[in-house]
Amino acid sequence: MRRARLLVMLAVFLVEHCVSSSAGAPSKIVLDSHFTYIILGGDHVAESIGRYLSSKDTNKTVLVLKGSRCNDVLEPSEPSKQWLEVSYLFAESAHYLGYEFIDPFLHGSKPGIAFTNQTSSFIPPLQQLYAVDPNLKMLTDARPQRIIYNKALGVEVSINFETHYLFAKELIIAGRCLEDYQLLSQVDILPRDTLSALLNEVPLEVALKSPIIAPIFTLNGNATFSQTPPNKQPYCLLATELFIETLSKSGTDQTLAAKQGIQPNAKVNIVLKEQAPNRWIGFNPSVIYQESATELSDPATMYKVLADTIEVCMKLGTSQTFQKLGLSLQPLRIPDAAASTCPPDQPDSVLCFVNYTLSTVYNSVEDPATVSPQFKMEHLAEDFRLKSSRNLRLLPFGLTSPFLEHWWKRIFSPRKVIREYTTRIGILSPDLTQLNGYTMDALLAKLRERLKVIESMPPKL
């Protein structure tokens, strides 16, 4: 009897322990299986598109599958001594200017030089599902396995180590993460060679963090590194990044901001063209835009941030360390619209180019129908739909704010479709359905006559 009582007490304790453990366990992620849009991407571009599409039409459902790893499309596919040495000298020059070396996984939480050879981001420990808006959901640390491309369009995703099938009317792959686009080749939507050509043909003005590549230095023939076979890609984006804080900068003490814990508001990347005969190194300044930093939405403040950042780039490019590569400052090509107002001398022409670029963003035409496409691509249409599949759209953008958002009005603008009206005798064009010559009184009179005829008809038994 005593033994039975102990067994009962032990059973009750185990049940209570299991209930309390299950209450503290993370809730299971539950997702609908069908959406209007599914956006796949491992960087900030996918979330930006998701927010735009969900706010544009609240009746359409949007799912953002945000991955956890991202190797930039522009990065070299294999190590090259040339871009390695440029990356080393870039980091060394920034360190001599007073910037500390920081952990690349900090994602720019403080100023400094983040030296790395690849941009694999930090892998979060758990998947999280966020209901950003009633019609917008975002799954972080998404693990897409393959694209479903047959009679239905969707994505096979691993959620809580279980396979889920998610379907959409339109699938969008966005951003510069190579892993996302490789899913297209796995299901034979695009051959690898075609996919590589597609990603390489995207202009640098939308592939980089900002459309500004300045200053640019030519790589002379007397460079210290040995010649290596050129990379297959026309341009290389070095993963080493310099994070800068400009708004509270005082004097030349660049390390003061890092010690005070002030977050940076600008970033510098290096673009390298290592193929002969025209080899060059370009600085790509961009703005780290945070929702709390409302002052960055002001064009004058944005210009000041970029101007201060380019000033640092000029110091880096003309430093004794970087000049080991035998660099010479390249004259900047100014657009024809701004050539008459920009001075021909450096560095004033660089700042004039920055001012012109910002003006095209803030003073852009609001009506997307009047905006003409800026470039043509072989494999993508003007709205970046894949020419071989109209329900699949590729947006290999790398731009950040404020250069990114104004593109969505151009790309996702509704097309003016001529509606057709179906009748018992077939399809009528709108011009045949126009009741020309009839006034409102005449139409009402005809309606009254028709109602009288209907009322006079005997009821059906």
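Predicted model: local features only at pLDDT ≥ 70, side-chain atom pairs only at ≥ 80, totals over all residues.
**Entry 1**

Residues are numbered from 1 along each chain as its sequence is written, and side-chain values use heavy atoms, with hydrogens and water left out.

Which residue meets the side chain of Glu170 in a salt bridge? I found Arg393, with 2.7 Å from N to O. A salt bridge here is a side-chain nitrogen of Lys or Arg within 4 Å of a carboxyl oxygen of Asp or Glu. Side chains of opposite charge can pair when their charged atoms come close. Arg393 is also buried, with a relative accessible area of 3%.

I then placed the two residues in the chain. Because Glu170 belongs to strand 9 (residues 162–174) and Arg393 to strand 16 (residues 389–395), their pair ties together parts that are 223 residues apart in sequence. Helices (H or I, at least four residues) and strands (E, at least two) are DSSP runs, numbered from the N terminus. I also recorded that a network of salt bridges links Glu170, Asp383, Arg385, Arg390 and Arg393.

**Entry 1: Other salt bridges**

I searched the whole structure and noted 10 salt bridges. One of them joins the side chains of Arg146 and Glu156, at 2.5 Å from N to O. Arg146 is in strand 7 (residues 144–149) and Glu156 in strand 8 (residues 153–159), so this pair ties together parts 10 residues apart in sequence. Arg146 is partly exposed at 35% relative accessible area, whereas Glu156 counts as buried at 12%.

I next examined Asp308, which forms a salt bridge with Lys304; the closest N and O atoms are 3.1 Å apart. Both residues lie in helix 8 (residues 299–317), 4 residues apart, which is about one turn of the helix. Asp308 counts as buried at 14% relative accessibility, and Lys304 is partly exposed at 41%.

**Entry 2: Helix 4 against helix 5**

At what angle do helix 4 and helix 5 pack? I recorded about 140° for helix 4 (residues 178–186) and helix 5 (residues 192–200), with their axes 9 Å apart. The angle makes helix 4 oblique to helix 5, since angles under 35 degrees count as roughly parallel, over 145 as roughly antiparallel, 65 to 115 as roughly perpendicular and the rest as oblique. Axes are lines fitted to C-alpha atoms, for helices over the stretch in contact, and angles run from 0 to 180 degrees between N-to-C directions.

I listed the residues that meet: Leu178, Tyr181, Gln182, Leu184 and Ser185 from helix 4, and Arg192, Leu195 and Leu199 from helix 5. Contact means heavy atoms within 4.5 Å.

I located Glu47 in helix 2 (residues 44–56). Apart from neighbours within four places in sequence, Glu47 is in contact with Val64, Lys66 and Met138.

Finally, I located Glu205 in helix 6 (residues 204–207). Glu205 counts as partly exposed, at 34% relative accessibility. Glu205 and Phe403 are 198 residues apart in sequence, yet 9.8 Å apart in space from C-alpha to C-alpha.

Definitions and conventions
Buried < 20%, exposed > 50% of the residue type's maximum accessible area, 1.4 Å probe, protein only.
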